Amino acid sequence: MVQPKVTIRFEVNGEPVEAAFASHKTLLEVLREDLGLTGTKHGCELGECGTCTVLLDGVPVLSCLVLAAACGGRRVRTVEGLARGPELHPLQRAFADLGAAQCGYCTPGFLLAAEALLAANPRPSREDIEQALAGNLCRCTGYHKIYQAVELAAAWMRGETAEPDTEVLYGRG
Amino acid sequence: MGADSAPRAHRVIGRALRKVDAVAKVTGATKFADDLSLPRMLYAKLLRSPHPHARLVRLDPSGALALPGVQAILTGRDLPTPFGILPVSQDEHALALDRVRFVGDPVAAVAAVSEDVAIAALDRIAVEYEPLPAITSAEEAVQRAAPRIHDYGDGGNLHKLIHLEFGDVEEGFREADLVVEDLLFYEGSTHLPMEQHAALADWSPDGRLTLWSSTQTPHYVHRALAKVLGLAPSRIRVIACPNGGGFGGKSDPFSHEIVVAKLAMVTGRPVKITLTREEVFYCHRGRHPTLMWVKTGVKRDGSITAMHFKSLLDGGGYGSYGVASTYYTGALQTVTYQVPRYKFQGARAFTNKPPCGPKRGHGTPQPRFALEVHLDKIAERLGMDPAELRLRHLVLPHTLTANYLRVGSMGLGRCIQQVVEGSGWREKFRRLPYGRGVGLACSSYLSGAGLPIYWNNMPHSGVQLKLDRGGGVTVFCGSTDIGQGSDSILAYITAEVLGVDPLDVRVVTADTDLTPVDLGSYSSRVTLMSGNAVLQAAERARDLLRGPAAQRLGVPPQQLVFADGRVFDAADPGRGLSFAEAVELAEAAGGTVGTVGSYTPPAAAGRYRGAGVGPSPAYSYTAAVAEVEVDPETGVVTVPRIWIAHDVGQCINRAAVVGQIEGSVYMGLGEALMEEMAYRANRNVVHRAPSMLEYKSPTTLEMCDVITYLIEDPDPNGPFGAKEVGQGPLLPVPPAIANAVYDAVGVRVDEVPITPEKVLKAIKAKAKGESGRVGPTRFPEIPWPEPIRVPPPWAGGDGQAISGEARRPAEFKTRKSDLSAVGGGGS
Amino acid sequence: MLRLPPFSYEQPKSLRQALALKADAGPEGAFVAGGTDLYPNMKRRQVTPRVVISLAGVRALARAPSLRGSEGACTVGSMVTLSALAGNRLIRRHYPVVAHAAELISTPLLRNMGTLGGNLCLDTRCNYYDQTYEWRKAIHFCLKKDGQTCWVAPGSARCWAVNSSDLAPVMVALDAQYVVVGPGGERLVPAARFYLNDGINYLAKQPDEVLTAVRLPAPDSWDAAYEKLRRRGSFDFPVLGVAVWVRWDGARVAEARVVLGAVSSSPQPVPEAAQAIAGTGLEDEAIEAAALAAFRPSKPMDNTDFGLAWRKEMTRTLVRRALLRLRRRRDEGAAR
């Protein structure tokens, strides 16, 4: 059962990478198993949950349904490639500050879907955010802290000095 | 406990701080179980039964063994010792010995050099089954005693029968001005954690086993491994990885955990298993489908004279936590509104489906749904506002209930007032236009079960604290972070007491080699129990540092303040030491600085059989108002917003508390409207659609707005007064929505999920002049045992039964404790 | 982890190459576009091709929508992603019904991968079929794959898997033309004739043919609407789709088409419903008559989420809502 391997060159988180793997492996499997990038998670492997979202040429896709062999010459960005050096990406900072990650398992997928949203739309409405994240399931948070984190990060990325809403952090009463 | 709960400005407690693991989680650095790999690691897969009920006649693995790359195959005979989470139901085998009990029951296991090879090998294991008739529902189990799914239990296919009576309910019904009966049904649902269960085992030739697993209960996995593998517990190390969501679904010891351990022992290589999403549905242990009948007598003012509650739970193929679940369907009815006489009959049936167990709220969302809808109907019959009816008859704080639960702080009244005010209840209730409505419901939940799962007198949670010369503090605790933030709670409490920054506290948890036992992340016990344990350890550490520091500073020890990374004189804050210097002094004076802390809940007040389920050091309270919109042409219900107030005692991290509430509302919304574990009874009892696509979990587009109010009324038993928040806020959501649907369109859907089909059916029936109710129509006849009669405290009772105990089935007589108690876990 | 079965992967740069590779592979070869339908099916072992031939490298298939020719029809390449289709300015302006239906498909992530051609050729779906190998084994498989019985209708000789495309009923309602290229050359197939009412043989396209483009009729005096029924606002396939098309003659309906999706193995035109509104001004009675006419032949089977009775009943509601939408647009002067 030794599978013939294919070799591709592509860019992962800004670095050129050459990888050889069995041709039926998905991008998800190659990232996690061949490149050791386990930050990308999986929840169904059938495109039904959004957990494995990565950016492919800047576009958020489900890495469980992308064949790695089809990624030659393309740019892949995973959660490991969000932070700039020791500095967290504004989305990461906002997710951490607001408690938008509870178990944290869906978080990488949400971060990348949100990153793509903000790249296209720096000032999204709440509805824009709900729509853009409608392909990512989260069982812990009820999504609200995620929306609020995206809004906060968007403000930071626009260069505004925004503080989290106190009600977001503290509730009422 | 809680010397520090005396009012003083907290520096850490109650703030909205980053969780200690937040950065790891947002950078993808957190290692979940499937993220681990070891050199020479093998991959395991389980062969599962395609039959709902069958005898295993023959199993031939030779075809699979011949496949290159296959390293080992296990069958039931390799692991013949039974296990199970509760001592009273050790009815599972890692791999079927001679019988399979649901589609998905594990039969054999393969370890191979790759998952591809392991998958290919499964189909080459030849298995011959002799199919047996399957029991497909609890009602069928009541009717059909044969074939028995298990040869133990309370007769036929009834796993457990409970009959408890606290006072003479018939007398109460006679005194009542109105007696109302209702039948309700709560469909089964599953946890659906985003992370599929995974486990990795490593066996060392010196006879030591290490298991990493996505488990909420490493301590119980440790015990199960020792039992089934026949290894000394001292040679087994279980490490619970951070759980990618638990909600109760990772609280049992599982077959796959035992299997990879055995495969590692057999092959001498590390072995990992990662379940597919479909297999996670087969692990299940989720919400029991529960049929309920409730009869309540009330006076004209709404005061309850007596309540009689019956439940029938569909348990699935194994015991799991089911005996506890069954008790829980009857335990907490008494802690919200005054119930002077109470009778409970509960039954759990075995059926040929994946086993049910503890899901967030464990056994209590079902009766809470029933009770809160029932009360809504009673209020209408009495012409009372449902909020008013509840407010008038609240259980008083610091009292004992009819079934001997000790209620401590009780903030439900404030919760109700908050949501009534916040939602504009008085302007909306029965006043919104057709198609829009509001509904109110309340609830309560445990802050940890009062008793452990297996009988013992040891603490429920332990902590060791190590203080460094560098000023760092390390907390060792067996608790498991499943996303609810328990690691952070340990750091915050330590930081508060020792006056250091939470980032100076390192937290080592959930490792049976390194950390003292904590029973696990279930029953919403961790903040209260490990919180009290770490509070004790930190206070002891502070006391250790106090003497040498006081001596050095020439200040009376009690005058020292620990804050801002310093130890200083309260009277002269400039006079002080750094925390690190204080540690050095203490180490010089008395040697290595470390302390321990532990927590054991107070003894239960009830002393009857079954009294072990329900007691808790503290009860949280919640009230919710749901607003709904019902499309009368389709029956589709949408929920624009929910106002929810939760009595949490005291927030340790306010943002985390709000997060748990929002997440609970989310899960309650899913159960109310769409989530359903459905099976095809006529097609081999297969799960209808075990997938993320067809098991309907609300997306961003279904989630409602949540307006959260926190009620802080510190409980004397909680660390700094804290009570639970991970599970309780789910409970009022389904009944609030059901009541709101009635307010909107005048129909009663007396079951969840409240699907468009049911709503439309009810609307049409009502239009035709029929009842406008959809729900169950009968509760089956069940051969209940004689009741265990316990006079309530106000009838001169002392918590002991006056009759009924002797009639219990023989197999329970030798048990010291029937069980104790557990819940599903937040996140 | 659920994994793909082993296969070899080809990514030709031209259609001719793609067809040649398919000819070499024979029945063991499968074309793949976005992969969002094929790969899950492969992971569940519903199909196990030995050679997967991707069309992603064939530039000509990714042709963005353009209005061409004297009649002003619009041609869209089949490899255009659903996101690109839904976001395309020309489509949004002249074919809002297409953009709307595309936007309702699955999730934003999946729409970034899935293609127009893929959605139009979507494998028929069924609760007894879209399951893993192990699950299907427990029901002794089904007629569509490895078994003898269609569990949706055990007495039936055919497979009742359902066409679950959102765009297919729209294309049938619009009378779009599909450009199909195979070893025998190119042919033009009207959308209505592209689909066969059989869960197994559900396409008139031969396995060695490729759907290369879709030609939408020139935007002139017609209008169309699509209504989708499902549990959640995202992820879910339709449990019922209703596409309606009318050609306006002033305020009157000159010609109409009503097509049901997700109730049979192919998009189901309901001529009786179309007749009920033809010649009317879409008055309430006409709309009710059309809704009732569509309700009668709507026969959903037990192959999706929700019960059949409710899905059937909703046919009336959705047809009414779709027609009301057209009437509203006419009244707002937006109709062409």
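**Crossing helices and packed chains**

Tutor: In this model, which is predicted, helix α10(B) crosses α18(B) in a right-handed manner.

Student: What makes the crossing of α10(B) and α18(B) right-handed?

Tutor: A crossing is right-handed if the near helix is turned clockwise from the far one by less than a right angle, and left-handed if it is turned anticlockwise. By that test, α10(B) passes α18(B) in a right-handed crossing. By the way, helices here are DSSP runs (H or I, at least four residues) and strands are runs of E (at least two), numbered from the N terminus.

Before we go on, the ground rules: residues are numbered from 1 along each chain as its sequence is written, while chains are lettered from A and ligands numbered from 1 in the order in which they are written. As the model is predicted, local features need pLDDT of at least 70 and side-chain atom pairs count only at pLDDT 80 or more, whereas totals for chains, interfaces and linings use all residues.

Student: Which residues of α10(B) and α18(B) make the contact?

Tutor: From α10(B) come Pro365(B), Arg368(B), Phe369(B), Glu372(B), Val373(B) and Asp376(B), and from α18(B) Pro734(B), Pro735(B), Ala738(B) and Asn739(B). "In contact" means that C-beta atoms, placed from the backbone, lie within 7 Å. By class, there are six nonpolar, one polar and three charged residues. Ala, Val, Leu, Ile, Met, Phe, Trp, Tyr, Cys and Pro count as nonpolar, Asp, Glu, Lys and Arg as charged, and the others, Gly among them, as polar.

Student: What about α17(B) and α18(B): what makes that pair oblique or parallel?

Tutor: The axes of α17 (residues 654-673) and α18 (residues 733-745) of chain B come within 8 Å and cross at roughly 50°. That makes α17(B) oblique to α18(B). This crossing is right-handed too. Val665(B), Gly668(B), Leu669(B), Glu671(B) and Ala672(B) in α17(B) meet Val733(B), Pro734(B) and Ile737(B) in α18(B). That contact has six nonpolar residues, one polar and one charged.

Student: How do you know whether helix α3 of chain B is enclosed?

Tutor: Count neighbours: a residue is buried if 20 or more other C-beta atoms (placed from the backbone) lie within 10 Å of its own, exposed if 12 or fewer, and partly exposed in between. Eight of the eight residues of α3(B), residues 115-122, are buried, so the helix is largely enclosed by the rest of the structure. Among them are Glu115(B), Asp116(B) and Leu122(B). The cover includes β1 (42-48), α2 (62-65), β3 (70-75) and β5 (106-112) of chain B.

Student: Why is chain B called compact?

Tutor: Chain B has 19 helices and 34 strands. Its radius of gyration is 27 Å, close to the 28 Å that the globule rule gives for 827 residues, so chain B is as compact as a globular protein of that length. The radius is taken over C-alpha atoms, and the rule is 2.2 Å times the number of residues to the power 0.38. Buried residues make up 67% of chain B.

Student: Which residues count where chain A touches chain B?

Tutor: 44 residues of chain A are in contact with 54 residues of chain B. On the chain A side, α2(A) gives the most, with five residues. That side divides into 23 nonpolar, 14 polar and seven charged residues.

Notes:
Two residues are in contact if their C-beta atoms, placed from the backbone, lie within 7 Å. Axes are lines fitted to C-alpha atoms, for helices over the stretch in contact, and angles run from 0 to 180 degrees between N-to-C directions. Angles under 35 degrees count as roughly parallel, over 145 as roughly antiparallel, 65 to 115 as roughly perpendicular and the rest as oblique.
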